[in-house]
Amino acid sequence: MHEAKIASLILEKASNKLSLLAYANEVKSIQLAVGKFRNIDTESLSFAFDALKSENRIFERTTLIIDEIEAVAICQKNGHSYSIDFTSGFACPICGGGIGRFESGQELEIRKIQLTSEEKNA
Ligand SMILES: [Zn+2]
């Protein structure tokens, strides 16, 4: 399952980032940007994340926040910027031109990791 693999990669990445921080003991939330071009089922991803997170103590109570990024392309012919509609193909709706390049929608990255506020050592 595609999403389970992604979930496990997110946990791995987050844990690598946190291993640099000696004081990281619990993660409150991980904010993830997922472009619509990635073709990721965000519900499955959340489900997979929740299934896997308890394997690491610091993620036991972590909430995964997913920001879905609209897929926007620039048309090759006239430089129009348009949102891609996956049901009607990828051509520019204004002039029918093909995709020149992608403006957004290919993201798959951790934007923010929030730690649970810590209690000071007595
Ligand atoms: Zn166009």
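Trainee: Which residue in E2 stands opposite Val 34?
Mentor: Opposite Val 34 stands Glu 68 of E2, where helices (H or I, at least four residues) and strands (E, at least two) are DSSP runs numbered from the N terminus. Keep in mind that this is a predicted model, in which local features need pLDDT of at least 70 and side-chain atom pairs count only at pLDDT 80 or more, while totals for chains, interfaces and linings use all residues. Residue numbers start from 1 along each chain as its sequence is written.

Trainee: And in what sense do E1 and E2 pair?
Mentor: E1 and E2, the latter covering residues 63–69, pair in the parallel sense over seven bridges, and two strands pair if DSSP finds at least two bridges between them.

Trainee: Which helix does the chain go through from E1 to E2?
Mentor: It goes through H2, residues 42–52, in a right-handed β-α-β crossover, that is, with the strands pointing away from the viewer, the path from the first strand over the helix to the second runs clockwise.

Trainee: What about E6, parallel or antiparallel to E1?
Mentor: Strand E6 (residues 108–115) is paired with E1 (residues 27–35) in the antiparallel sense, again over seven bridges; Leu 32 has Ile 110 of E6 as its bridge partner, and Ala 33 has Glu 109.

Trainee: What is the strand order in the sheet, then?
Mentor: The three strands form an open sheet in the order E2-E1-E6, with mixed pairing, and E2 and E6 are the edge strands, each pairing on one side only. On average, neighbouring strands of this sheet are turned by 20° against each other, direction ignored.

Trainee: Switching to helices, at what angle do H1 and H2 pack?
Mentor: H1, residues 2–18, packs against H2 at about 55°, with the axes 8 Å apart, the axes being lines fitted to C-alpha atoms, for helices over the stretch in contact, and angles running from 0 to 180 degrees between N-to-C directions. That makes H1 oblique to H2, since under 35 degrees counts as roughly parallel, over 145 as roughly antiparallel, 65 to 115 as roughly perpendicular and the rest as oblique.

Trainee: Which residues of H1 and H2 make the contact?
Mentor: Among them are Ile 6, Ala 7 and Ile 10 of H1, and Leu 45, Ala 48 and Phe 49 of H2, contact requiring C-beta atoms, placed from the backbone, within 7 Å.

Trainee: And which strands does each helix lie across?
Mentor: H1 lies across E1 and E6, at about 50° to E6, whereas H2 lies across E1 and E2, at about 160° to E2.

Methods. Contact = placed C-beta atoms within 7 Å.
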